[in-house]
Amino acid sequence: MAEAMSRNRKVGFTLARHSTGIIASVLFLAPIVWTVLSTFKPAQEARQPPLPPWPTTGFSIENYQTLNSFGDGLWVSAQNSIYVSVMTVLLSVLVSVLAGYGFSRFRFPFRDFFFVLILSTIMIPFQSILTPIFLVLTKLGLHNTLTGLVCVYVTLQLPFSIFMMRNAFDAVPREIEEAARMDGANNVTMLIKVMLPLVWPGVVTIALFAFLGAWNEFLAALVLMTDQSKFTLPVMMTALQSGRFGAIDWGAVQAGVTVMMVPCLILFLALQRFYIRGLMAGAVK
Amino acid sequence: MTAIAASAPARSRSSASLRQWVGLLYVLPAVALVTVFFVIPLGMTAWMSLHNWPLMGEHSFIGLDNYFAILRDTRFWNALKFTFYYTVIVTIAIFAVAFPLAIFIERPRPLTNLYRTAFFMPAVVGFASASLLWSWLLNVDSGLFSPAAYDLGLIAKKVNLLATFQPAFWSIIAMVVWKVAGFTMIILMTGLQSIPQDLQEAAVIDGAGPLARFRAITLPLMRRTLALALILSVAGSILAFDQFYIILRGGPRNQTLTAVYWIFNQSFVSFKLGYGAALSMVLLAILVALSLVQLWLLRKPAGLD
């Protein structure tokens with residue numbers, strides 16, 4: 001009888017655990033699912049409160065089509081966002097792999113000074129130096145260019161990604177390098193052929209963080225991009241939502257938000273392991 | 001003979017140290033970027049804060065006048081006060097949700113990974129996307145909350161949640177908790193998982209209840225993780241901008257202007273770049289002070305390991 005009671009308690013516990021888990025999951029996922037479902041309503045229906053969230057007067061992609069009718073069109077902003085994010089990923093990976101390797105494997109003057117300098121920028125909020133960044137970009141002729149925005153985003157990624165890459169290179173045993181050097185590999189072939197395959201997980205992690213950072217950044221893009229043809233998605237969608245293009249089309253807002261969210265969600269689901277890894281590395285440091 | 005023997009190591013030493021210099025080339029791009037886009041702008045902020053610096057036309061040196069002006073700028077102090085108020089409330093709210101979630105997903109059980117992923121999903125969505133999404137959900141005519149409450153008969157007529165301070169403020173808190181709790185949960189989870197299981201079991205054998213175990217083992221051993229999660233939440237909240245700009249535009253009646261929002265307004269709406277720089281220096285001092293507190297809190301506990 002005692003056994004049956006303890007089994008009952010166990011079942012009760014499991015039941016309570018899963019119902020808590022399911023309710024909490026629904027609460028966290030509902031706003032996302034609600035939005036994505038609502039985007040497939042015809043424009044007329046999208047103006048009404050989303051009750052129920054799914055389309056009731058027929059499936060339609062009208063909301064996505066109208067996105068292109070605001071200003072320069074959403075497609076231009078999407079292209080800008082893609083360009084900025086991809087370039088940020090490529091450049092920050094390139095710069096931090098080189099720097100991580102340099103910091104990990106060489107002893108040169110001021111090494112520790114430079115490392116601390118780069119890492120300490122994480123203590124300074126970039127929000128407080130936006131005005132001079134604006135002036136520096138103007139001076140360099142990069143004012144109101146996507147390239148200028150990329151430079152800023154890459155710099156913001158550096159403390160985290162260089163920290164990650166240095167740790168990754170530090171974890172590679174030196175014997176591997178010495179063996180390769182015996183075989184006549186020089187520094188560059190060593191880095192590309194021998195080291196890179198070994199630090200690959202770190203590279204994926206910093207690439208993922210760079211993409212999400214650049215894709216989602218709002219304030220710097222809002223301040224630095226003054227020309228509508230250079231707007232990234234968050235800036236463009238905020239302009240749309242503020243009624244800058246006439247009455248607010250909530251169906252278009254939902255569709256735009258979906259376009260902004262989906263790449264992040266897919267990348268996270270596909271690369272979750274690397275994301276958590278990056279978080280842990282940041283948390284454990 | 002001896003000369004040759006002596007010179008060989010010397011030469012190899014100098015060529016070895018030369019080879020070390022190559023490292024400088026590897027880190028050069030990173031150092032250049034940080035210098036041009038961080039160190040120089042930082043110096044410029046300090047420099048500009050001592051000037052009257054309009055967007056167009058000449059700037060002039062005015063010493064500490066901008067800082068004296070800040071002392072009299074009641075709207076900035078109100079913004080700062082609101083920012084701190086928001087920071088305290090939102091941090092408490094985030095922890096109140098994230099800590100139970102972290103305990104819930106700490107140990108691997110069936111479906112735990114699925115739950116963890118679900119709780120974490122909003123954290124990978126950007127603040128701007130989340131704000132746009134919630135500005136729709138909170139809209140009085142086309143949104144969800146008010147019409148749903150009306151349809152269910154909970155309220156007599158639709159209420160515009162964003163029209164008055166209290167509902168607008170708590171709507172933002174709800175949105176931020178929804179977006180950030182999963183992130184804080186993961187940080188706290190790493191802390192929980194680092195506590196040795198046998199310590200908990202030994203305490204159980206000693207007859208310690210769950211609450212006693214939580215206070216005597218979990219909290220002290222999680223100190224560094226807690227401090228980290230706390231600092232991340234506090235620093236993030238002090239710099240809050242996106243949600244207040246996108247959902248509320250600083251309203252109703254400018255009551256939700258945050259510090260960064262006020263700096264943004266002064267610098268890029270009124271184009272008082274020098275004054276904006278001085279305000280930035282104040283914000284920067286607050287954040288650096290916070291970072292120092294962080295280093296102190298995260299120090300390795302004395303006497304332990």
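A:Asn144 counts as partly exposed, because 15 C-beta neighbours lie inside 10 Å. The terms are these: a residue is buried if 20 or more other C-beta atoms lie within 10 Å of its own, exposed if 12 or fewer, and partly exposed in between, with C-beta atoms placed from the backbone. This is a predicted model, in which local features need pLDDT of at least 70 and side-chain atom pairs count only at pLDDT 80 or more, while totals for chains, interfaces and linings use all residues. Residues are numbered from 1 along each chain as its sequence is written, and chains are lettered from A and ligands numbered from 1 in the order in which they are written.

To return to A:Asn144, this residue is placed in the loop between helix H6 (130-139) and helix H7 (146-170) of chain A. Helices here are DSSP runs of H or I with at least four residues, strands are runs of E with at least two, and both are numbered from the N terminus. The phi of A:Asn144 is positive, about 60°, although the residue is not a glycine. Most residues other than glycine have a negative phi, and most peptide bonds are trans.

B:Arg253 has a phi near 50°, a positive value in a residue other than glycine. The residue is found in the loop between H11 and H12 of chain B, and B:Arg253 is exposed because 9 other C-beta atoms lie within 10 Å. The loop between helix H11 (242-248) and helix H12 (259-269) of chain B also holds B:Pro252, and the peptide bond from B:Gly251 to B:Pro252 is cis, with omega near -10°. In chain A, a cis peptide bond joins A:Leu51 and A:Pro52, with omega about -10°. A:Pro52 lies in the loop between H2 and helix H3 (62-66) of chain A.

Where does A:Thr39 sit? The residue is in the loop between helix H1 (2-38) and helix H2 (43-46) of chain A. A:Thr39 is buried, because 24 other C-beta atoms lie within 10 Å. Leaving aside residues up to four places away in sequence, A:Thr39 touches A:Asn63, A:Tyr64, A:Gln254, A:Ala255 and A:Thr258; such a contact requires the C-beta atoms, placed from the backbone, to lie within 7 Å. A:Thr39 and A:Thr258 are 219 residues apart in sequence, yet 7.9 Å apart in space, C-alpha to C-alpha.

Now to helix H13 of chain B, residues 273-297. At 1.5 Å a residue, its 25 residues should span 36 Å, and the end C-alpha atoms are 35 Å apart, which agrees; the expected span is 1.5 Å times one less than the number of residues. Buried residues in H13(B) include B:Leu273, B:Gly274, B:Tyr275 and B:Met281.

How do other helices pack on H13(B)? The axes of helix H2 (residues 65-72) of chain B and H13(B) come within 9 Å and cross at roughly 70°. Axes are lines fitted to C-alpha atoms, for helices over the stretch in contact, and angles run from 0 to 180 degrees between N-to-C directions. H2(B) and H13(B) are therefore roughly perpendicular to each other; angles under 35 degrees count as roughly parallel, over 145 as roughly antiparallel, 65 to 115 as roughly perpendicular and the rest as oblique. The residues of this contact divide into 7 nonpolar, 2 polar and no charged. Ala, Val, Leu, Ile, Met, Phe, Trp, Tyr, Cys and Pro count as nonpolar, Asp, Glu, Lys and Arg as charged, and the others, Gly among them, as polar.

The axes of helix H10 (residues 223-238) of chain B and H13(B) come within 10 Å and cross at roughly 175°, and H10(B) is therefore roughly antiparallel to H13(B). H10(B) contributes B:Ala227, B:Ile231, B:Val234, B:Ala235 and B:Ile238 to the contact, and H13(B) contributes B:Ile286, B:Leu287, B:Leu290, B:Gln294 and B:Leu297. These residues divide into 9 nonpolar, 1 polar and no charged. Helix H9 (residues 210-221) of chain B, by comparison, is hardly covered, with a count of 0 buried residues among its 12.

Finally, the interface. The contact between the chains takes 75 residues from chain A and 71 residues from chain B. On the side of chain A that touches chain B, helix H13 (residues 250-284) of chain A supplies the largest share, 15 residues. The residues of that side divide into 52 nonpolar, 19 polar and 4 charged.

Conventions
Contact = placed C-beta atoms within 7 Å.
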